[in-house]
Amino acid sequence: MKFIVSSSSLYKELQILGGVINSSNTIPILDNFLFDVDNNKLTISSSDLESTMTSKIDIESTSNEKIAISAKLLTDILKTFSEQPLTFIKTENNTIEISASNGKYSIAYLDGEEFPKQVEILDAHETVLNSAYLGNAINSTIFASGTDDLRPVMSGVFFQFNSDSLKFVATDAHKLVKFETTEYTANNVSEFIMPKKPLQILKGILQTEDSDLTIQHNDSNAKFTFGKSSITCRLIDGKFPNYEAVIPKENPNVLTIDRQLFLNSVRRVSIFSNKTTNQIKLKIAGSLLNISAEDFDFSNKADENLECQYSGDDIQIGFNSKFLIEMLNNLDSETITLSMSHPNRAGIIRPVSNNDNLKESITMLVMPVMLND
């Protein structure tokens with residue numbers, strides 16, 4: 001085996017592929033990248049058994065062979081190189097020799113045939129959408145997914161596709177986010193739950209991409225193909241909660257306010273809240289919003305007033321400030337609405353869009369907390 005590759009191109013791909021590899025593996029081969037050389041194409045793969053990512057780059061070669069190379073060693077050496085061609089040559093003593101402009105480096109390799117085979121998606125449903133759009137959908141929802149191992153169905157993002165819209169939903173039972181678009185649709189009605197790890201990797205890549213992305217999935221696996229890369233992963237098994245049932249339909253009390261102003265105020269006031277509950281109180285009357293918090297254990301207290309637009313009955317409602325801050329941070333609109341019905345029912349946060357994009361909507365639900373007083 002012999003091939004020549006650009007050091008910066010190779011390093012760029014390995015940085016992304018390295019996100020799949022676990023810090024500790026029970027199977028040694030998973031600590032490696034699989035290099036599959038097919039003449040002038042190099043396909044590199046990484047896997048943790050649950051997810052496998054592949055990426056193709058151009059090389060100079062006439063070889064056809066597979067080997068597995070230590071991910072840590074290779075990444076550590078590549079990040080020290082300036083842009084230059086690197087020559088990889090397989091030697092007789094079971095090492096791969098890397099020749100650079102000022103030195104040679106040998107790394108032991110493993111048989112590429114030992115590397116886990118990528119799962120084929122049989123009888124797949126297929127949907128095509130813009131990669132940056134999917135990146136935005138993931139970014140808008142993934143923060144709301146849970147971390148409870150006892151409820152795995154809530155530890156990922158629910159994809160719900162049909163002929164008139166695509167929906168992406170995440171919840172941890174305290175907060176819920178639904179991202180819906182009618183700009184893209186699916187030929188078949190289908191739904192599946194994506195685990196968090198591959199979505200985190202996709203999120204980091206897709207928001208800077210602007211190309212078509214293909215999603216193929218069946219009952220057990222999904223594959224995302226974009227550019228010269230793909231991620232295949234095992235889906236979360238189980239039934240996602242009926243999220244529509246928990247979203248209140250009648251919310252006559254509507255607060256409209258500048259998002260950044262509201263976010264900054266909640267951040268300041270929350271510093272004085274109880275560190276166990278993170279409780280803050282919103283008291284709305286007329287055009288005045290009062291935000292307060294008190295930690296009775298340490299006699300800490302904060303109180304702020306903001307001008308707002310409000311329609312509805314006067315209301316006092318408590319929220320976990322941590323959840324409010326997360327939601328407001330993950331919106332980019334200048335203005336938001338907070339819609340409420342009663343102090344013991346969920347509040348609904350929505351962005352007020354300036355561009356009147358009726359093909360996209362974000363709904364964020366945050367559960368209230370019982371006020372101390």
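Modeller: A crossing counts as left-handed if the near helix is turned anticlockwise from the far one by less than a right angle. Keep that in mind as we look at this predicted model.

Colleague: Gladly! Which handedness does the crossing of H5 and H6 have?

Modeller: H5 passes H6 in a left-handed crossing.

Colleague: What makes H5 roughly antiparallel to H6?

Modeller: The axes of helix H5 (residues 259-270) and H6 cross at roughly 155°. Angles over 145 degrees count as roughly antiparallel, so H5 is roughly antiparallel to H6. Their axes also come within 10 Å.

Colleague: Which residues make that contact?

Modeller: From H5 come Arg-259, Phe-262, Leu-263, Val-266, Arg-267 and Ser-270. H6 brings Ser-321, Leu-324, Ile-325, Leu-328 and Asn-329.

Colleague: How do they divide into nonpolar, polar and charged?

Modeller: Six are nonpolar, three polar and two charged. Arg counts as charged, and Arg-259 and Arg-267 belong to the H5 side of the contact.

Colleague: Let's turn to the sheet. What is the strand order, and how do the strands pair?

Modeller: Five strands form an open sheet in the order S21-S20-S19-S23-S27, and the pairing is antiparallel.

Colleague: Why do S21 and S27 stand at the edges?

Modeller: Strand S21 (300-307) and strand S27 (368-369) each have a single partner strand, so one side of each is left without a neighbour in the sheet.

Colleague: How do you know that S23 and S27 pair?

Modeller: Pairing needs at least two bridges, and two bridges join strand S23 (residues 315-320) to S27. Gly-318 stands opposite Val-369 in S27.

Colleague: And where does H6 sit relative to this sheet?

Modeller: Helix H6 (residues 321-329) packs on the sheet and touches strand S19 (279-285) as well as S23. The direction of H6 makes about 85° with that of S23.

Colleague: To finish, how many helices and strands does the protein chain have?

Modeller: There are six helices and 27 strands. Of the 373 residues, 51% count as buried, and the C-alpha trace spans about 80 × 50 × 40 Å along its principal axes.

Notes: Residues are numbered from 1 along each chain as its sequence is written. This is a predicted model: local features need pLDDT of at least 70, side-chain atom pairs count only at pLDDT 80 or more; totals for chains, interfaces and linings use all residues. Side-chain values use heavy atoms; hydrogens and water are left out. Helices (H or I, at least four residues) and strands (E, at least two) are DSSP runs, numbered from the N terminus. Contact means heavy atoms within 4.5 Å. Axes are lines fitted to C-alpha atoms, for helices over the stretch in contact, and angles run from 0 to 180 degrees between N-to-C directions. Angles under 35 degrees count as roughly parallel, over 145 as roughly antiparallel, 65 to 115 as roughly perpendicular and the rest as oblique. Buried means under 20% relative accessible area, exposed over 50%, partly exposed in between (1.4 Å probe, protein chains only).
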